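Subject: Structure for you to look at

Hello,

Here is the structure I said I would pass on. Please open it first, and then read the notes below with it on screen.

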Amino acid sequence: MEPGTVVWRETAQSLLRQKWLILGCILLGLVGASVFALAQTERWTASSQLVIGPAVPPALVGKLPSSADKTGPLGMDLPAETQARVMASPTLLRSVAKSLGLPTTDRTVQDLAAVTRVKAVTDNAYLVTTDGPTSSEAVRRANAIAVIYLKQRNDEAKSLLTTLAAQAQDRSKTANQQSKSLISQINEAVQRDDTQTAAALRDQRVGLATEARQAADDAAAMLKALTAVGTGSELVTPATTDTATASPMVARDVLVGGILGLVLGFGLALLRSHLTPYILTRDQAARAASSPVIAASESNRRRPWHRAAPELPQYEITALGAEASGALARRELNPRAFAGGGPGALLVVSASPTPNSAGIALAMAEANARDGRETLLVLADVEGTPVLEHVSGHEGLTDLVNEPAATRAIRARKLFRPGTVADLYVLPPGLNHEETAEAVGPSLVPGIVADLPPGYSVVIHGPAAVGRHGITPLAAAVDASVLVVQVGHDKEMDVARLTGALQFAGAPVLGVVLIGASAHDETLGIPLNFTPAESAAPPIR
């Protein structure tokens, strides 16, 4: 299988494992969107469309003698975007508020401007959209904006044309008066025989007459244009009461909230899956231990705030131990141990304290003993929870610390206690809880195992770290090891370090017993590029 396929599969399974987190985010988004939507003030939207005809051409305005008289911008043919901004400006909306009987305060005008949108559809067509607390009020506002803008534009255009016509007429009258005043001056020049002056005055009089006629024509054109103001401007599509609500839009807000919740849930789930240091899947456990998962138990989903390892029921621990023992029956432990007739020894260890690893060690020892092989279970976890109540109060491993080396082997065999099944013997941790006994006791295990008669099968249970010597004392006494890994409790880095320490100490990890696997975890629990060892000797149970 390609590595990319594994990554996508693990990602999908991580999302499935955290489905309640995703569903919770979706529910949070839906509830938040519903509260937001229902808390909004009810508003209705209405739209009206108006068309604006030609007004005062800029060419006529340019005939004014000074820019100070170029008043009335609404009456001029302004660009479409400029007229759209004028319609939504506070100045016009103040007049709209006054016509609607609303207060003309700055706050009211600002609120009206906030809900008013004007769009230039074409060069002379505009769409006015506004909101109101009711459908009828929204209609009144949309129509009032269009009507008042058209009225003010027409009024400004008429005022501007009237001003332009009056000024043109004044220019015509002035030119005629100046032309009449030149007649007497021309006669006087003729009487003086001053033909040159008379000719110049006649030319000046002709210019004044031309200017007077031109001003009169301009005035006539402006008066004619005055009668056509507003003929091309009208409200072509008034707003009606058949409008849509703008707020609250519960369906839209809830849909958006659900989508945002889904995105948030996926993001948190992926972030949590990729940043969590804990082992969550079979593949993660196999990758950390560099060995396949040989037995696994499912459990309910773990809560992120609860990291304690739950204690499995006895029947489930027994089933896990039997399954792991059966899997190891098809694997090689140490061919040299068999060739030399020595005992096959196995270490069952966990990366962190758990109440289940000792029970699994006991179950594996029981499975070996039931197959007719004399088995010794060494409980080297001197601070662990007792797994056999009938031997927990006897002397044991830590009591051998003060025993002379010459008689230690004989004394150790006397401390073996009958186990739960035939051919099973147990060496309990003992009652000596002195610091020296607890630190040195596990280091005696290699010597005890070496002094066993041929044919013994040994299962040792110990903690991940023993005294100052780490896992080395227990690893020196065994041929191989099995890791017990708790999903959501053991960290991947800790399992990887323990695996490396066992490999370095000569007790390679043969498999992983996984506790708390998810029901949705369908991975095989086999490391990528894993090659099983070929059996070179009969397996042990």
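**Salt bridges**

Arg287 and Glu492 form a salt bridge, with their closest N and O atoms 3.4 Å apart. Arg287 sits in helix α10 (residues 282-289) and Glu492 in helix α18 (residues 492-504), so this pair ties together parts that are 205 residues apart in sequence. Arg287 counts as partly exposed, at 42% relative accessibility, and Glu492 is also partly exposed, at 23%. Please keep in mind that this is a predicted model.

How many salt bridges does a search of the whole structure find? The number is 12. Another of them joins the side chains of Arg171 and Asp218, at 4.0 Å from N to O. Arg171 belongs to helix α7 (residues 135-191) and Asp218 to helix α8 (residues 195-227), so the bridge ties together parts that are 47 residues apart in sequence. Arg171 is partly exposed, with a relative accessible area of 27%. Asp218, by contrast, counts as buried, because its relative accessibility is 10% and the cut-off for buried is under 20%.

The side chains of Arg94 and Asp106 also meet in a salt bridge, at 3.0 Å from N to O. Here the link runs from helix α5 (residues 90-99) to helix α6 (residues 106-114), and the two residues are 12 apart. Arg94 is partly exposed, at 33% relative accessibility. Elsewhere, Glu137, Arg140 and Arg141 are linked in a network of salt bridges.

**Helix α5**

Which residues of α5 are buried? They are Leu92, Leu93, Val96 and Ala97. Seen down the helix axis, the buried residues of α5 fall within an arc of 145°, so they line one face of the helix. As background, an α-helix has 3.6 residues a turn, so residues three or four places apart point the same way. Thr91 and Lys98, on the other side of α5, are exposed. The buried residues of α5 pack against α4 (80-87), α6, β2 (116-120) and α7. Just after α5 comes Gly101, which takes a positive phi of about 80°.

Most residues other than glycine have a negative phi. Ser290 has a positive phi, near 55°, and is not a glycine. Ser290 lies in the loop between α10 and β6 (293-298), and with a relative accessible area of 48% it is partly exposed. Asp423 is another non-glycine residue with a positive phi, near 65°. Asp423 lies in the loop between β9 (417-418) and β10 (424-427), and it is partly exposed, with a relative accessible area of 31%.

**The largest pocket**

The largest pocket has a volume of about 820 Å³. It is lined by 42 residues, and the closest to its centre are Asp381, Glu383, Gly384, Thr385 and His461. Which elements each supply at least two residues of the lining? They are α11 (314-328), α13 (357-370), α15 (435-440) and β11 (457-462). Of these, α13 gives the most, with four residues. Sorted by class, the lining has 23 nonpolar, 14 polar and five charged residues.

Regards

How values were computed: Residues are numbered from 1 along each chain as its sequence is written. This is a predicted model: local features need pLDDT of at least 70, side-chain atom pairs count only at pLDDT 80 or more; totals for chains, interfaces and linings use all residues. Side-chain values use heavy atoms; hydrogens and water are left out. Buried means under 20% relative accessible area, exposed over 50%, partly exposed in between (1.4 Å probe, protein chains only). The arc is that of the directions from the helix axis to the C-beta atoms. Contact means heavy atoms within 4.5 Å. On a 1 Å grid over the protein atoms alone, a cavity is a set of points where a 1.4 Å probe fits but cannot get out, and a pocket is an open set with protein on both sides within 12 Å along at least five of seven lines; lining residues have an atom within 4 Å of a point. Grid points are joined across faces, edges and corners, and a volume is the space filled by probe spheres set on the points. Ala, Val, Leu, Ile, Met, Phe, Trp, Tyr, Cys and Pro count as nonpolar, Asp, Glu, Lys and Arg as charged, and the others, Gly among them, as polar.
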